[in-house]
Structures are given as C-alpha cells and as structure tokens.
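Try each one before reading its solution.

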Amino acid sequence: LLQDADEAVRIAREIGYPVMIKASAGGGGKGMRIAWDDEETREGFRFSSQEAASSFGDDRLLIEKFIDNPRHIEIQVLADKHGNALWLNERECSIQRRNQKVVEEAPSTFLDPETRRAMGEQAVALAKAVKYSSAGTVEFLVDSTKNFYFLEMNTRLQVEHPVTECITGLDLVQEMIRVAKGYPLRHKQADIPINGWAVECRVYAEDPYKSFGLPSIGKLSQYQEPLHVPSVRVDSGIQQGSDISIYYDPMISKLITYGSNRAEALKRMEEALDNYVIRGVAHNISLLREVIVHPRFVQGEISTKFLPEVYPDGFKGHKLTDLERRQLLATAASLYVAEQLRSQRFLGTPRIPIAKSKRSSWDLSVHLGDGIYPVAVSKHGSSFAVEVDGMKLNVTSEWNLASPLLSVTIDGTQRTIQRISRNASGETSIQFLGTVYKLQILTKVAAELSKYMPEKAAEDTSSILRSPMPGTVVAVSVKPGDMVSEGQEICVIEAMKMQNSMIAAKTGKV
C-alpha cells in the first residue's frame, strides 16, 4: 500500500511503466488511473486517493503493472465452510469504458478447455489458501497468447453473475445463502456444465456521445422492459416514475439474453435492446446495440481497448447505409401520413362527413442530417408505397400511434422502432437501429416556404465553462483575474462517485 506520491513514483519506476494506480478498497472502476510517467503517477495518486476516500471511505492505494491491450476474463468461484470449492467457468468482460464493464458474456470466445481449467484451478487454489467461503470472483487479465495474470479477487457477488447462472443452471444467490448457513456444496466440479451462451448489457443513464457515457439524471417518464422477447432476463431496481439522481451509480438495469449459441444470444439481445422503452433520461442503448452487432465483436476479436480503438473520435451513433437511410425515410414519411389520416377522424369516422377526403397520395420533403429528400407516399389499404431516391419501398404496420413501440415491415424486413418526439413544425425524432435520428417532415409547399423562416444562431460557449452534468465542486484551481491556457484545469467536479477535471476550452482571463 502506498504512503505518498513519492513512493508511488519510486515503485512505478521499479516495476516499469505503464502502471495502474487503484484504490485497495475499490471496485467498479472508481479510484483507478493509468500512469505512463512520473508526472501522471503523481496526478493519478492525487485523484485516485480523493475518489477512493469519497467512494469507499478508504483512501489507501496500491500500484501494479499495467498490461496493454489485454482481455478481461474472470472466473466465478463458490466455496463452503468445509474446505470444498468449485470454479463455475469464466465470464469475458473486455468491453469496458473507464475501467467499468459495459458488455459481459459467458463463456468466452477466447479460452480453450486447457486455459479454462488452468485458470479455474488457480482461482480455486487461491480461494482455499485464504479459507474463503461464499461466492467470489477471481479476475484475470489475459494477453494475446493466452498468458493470464491475477488482477484481484472480488469477495462478493458481481453485477455480471446472471450470465454464469444462465450457462450453469446454478442460482448463485441461493448457493451463497446455503454456504452462509453452513451447508456443504451440493455439486462436484464434474457437474458444472457450459450450456448455451449468455450475454449481459449494462443499461446506464448515460449519454454515450460524451466520452462513451457521462452520467445523465432525470425522472423516468416512461419505462418498459423487453420481457416479451423470449429468453430475456432484466434485473433492475427502478420503475416508471423513478428518479435517477447524482448520488448513485447511473445503472438502470442489467439486460441478459440467453441462447443455445452465441449468435442466438446476440440476435435476442439486438431484439431486446430495440424493444426497451426508456424515456426521460439519456441512455446508452445506442452504444450497446452498436457494440453487439460490430463485426469485431461478433468475431470475438476484443480487448479492454475495444471502444477507443473502434471509435477513436468518440461514439457518434449508428452510421446508416444507403438502404437503411431509405428505410428510415420511408418509415418516417409513412408515420407522418398515418398521423395525418388519424387526425382527420373522430370516434373512428371522418370529422367532417360532408367533405369526404379521398386523398391517397402525398408529396413530402424530408430533412435528415445534411440532406433534404423528396419522398412520395401513396396509400394501399394498411400499407404505404413510398418512393425515395427513385426506389419504391413497401411499408406495412399496425400503425398503433399511441404505442411507444412500433413494429414496421419494410419490403419484408421487420424493424422495431420508437418515435421519441414530434412537434407541430414537422420535427420528429425516431429511434431506429438503436440510434435516435432527428428528421423534419414537410409537405412540398411548406418546404418551399421554409427558406423564409430564419434560424436562431447558436450561442458561442467557448468562453464559458459549463459542467456537462450536475455534481459537487470539490476543488477550484483558479481565481478571478488569473490567466489560463487551453487545457488547463479550472476545477474538479464530483458526480456519481467519479471525479472529473474541468479544463479551459481556450486561452484567456478568468
């Protein structure tokens, strides 16, 4: 355990950079910093000890060698008070941001039976050596040639335990209670199977477009878990109307799907994410959905650096292909027309019986991103024929516009979409393939007149420092009249147990 920053620097030089400084009482990525040189070690010591004190009431730190580009694979162990211990296979938790896990799965695509057994036996040996009883997790870092390094042991139940329950059939909470009561374990190592595949996504109240997830707060105005999708488990502690506050971790729920193989578990996860309704707070469904369909993830080529490597400029949401863009435009235009038709009716019949509207075609102009697209819609029964980019698409749905989820079939492809908002000026936002897209739908006439509508200029905020989230100011590094340069620390804000250094956006005077 480190006494001060000088000792941290001395030990870091001994073991060789890079090093990881972390809270000895820590967990969940709190109080952890990577340092590549002496200066970063001193800074890391300061931040980590403050974070550790506020998160765990214990500011003691330890330091260890940092392995670049590893996989994070952990072994679940279960031990009783009679000297028996089992390992319940592994979980792969390599998809992380800020050392916090985002997607976990069991088993791992990387381990072979020999490595799995070696890791399992060492984990059990460790548990027996310290006379451990209960469920626990031994975490390892595994390099590209399957060398594994002990990281730490979590002497508790972990967030990602459901994936192990899915593939082994054991109820870990029940086993922990039995052990605590003094009963011996009911299973032998040979009884522990790997049946099928399970994936868990951590659903957070976070904005994934800001450094892969800055906490967001608010009231859950609408909340609906995708429990109608087969083989889905949702562990949550909130409900519609709950408040997500700055005082706790921003996790909304753990979303778990199970399948006979990995492809099936991932397909169900995709469906579950599309069917998850969360309104009132920013959430990371778009990031989770992009990760689980990414070719590198699907092939199992992952490491703890996956997110920064795949999204070096930060996460920007789903990039639409030409076909997906046409599908989104056609769906949005069909929704608009379905709405127009609904607003002409009263108690299921036309509002003005004399003026029967027999209209069956609409010429629209749809604004998406930087493009403006002419879209022609014609109605045939409950489906719409839509022409976009000279291509005809057929869009069918129940058009239940009151439902938060809409199942739409576009030329035989089923998509579950959500309409997040709309207003009187034709602006609408639609969650499509996990990402929310902003569109504006106008009739051809309105679109031609819209050039006369002035746009409000955006405020220049470069000379203001505005906190990206609510929190507590724990340190201020400057005073009025100081000259500061771009990138200089102005203050430190603590929110949701994380300390964030706020820096100047440009050179100037405070």
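Ground rules: this is a predicted model, where local features need pLDDT of at least 70, side-chain atom pairs count only at pLDDT 80 or more, and totals for chains, interfaces and linings use all residues. Residues are numbered from 1 along each chain as its sequence is written, and side-chain values use heavy atoms, leaving out hydrogens and water.

**Exercise 1.** Work out which residues of α5 are exposed and which are buried, and what the buried ones pack against.

*Solution.* 
- Looking down the axis of α5, the buried residues sit within an arc of 60° (taken from the directions from the helix axis to the C-beta atoms), so they line one face of the helix.
- Now check contacts (heavy atoms within 4.5 Å): the buried residues of α5 pack against β4, β5, β7 and α4.

**Exercise 2.** Find the strand order in the open sheet of 3 strands, then say which strands stand at the edges.

*Solution.* 
- The order is β2-β1-β3, with antiparallel pairing (DSSP must find at least two bridges between two strands).
- β2 and β3 are the edge strands, each with a single partner, so one side of each lacks a neighbour in the sheet.
- β1 and β3 pair over 5 bridges, and V19 stands opposite K65 in β3.

Technical notes. Buried means under 20% relative accessible area, exposed over 50%, partly exposed in between (1.4 Å probe, protein chains only). Helices (H or I, at least four residues) and strands (E, at least two) are DSSP runs, numbered from the N terminus.
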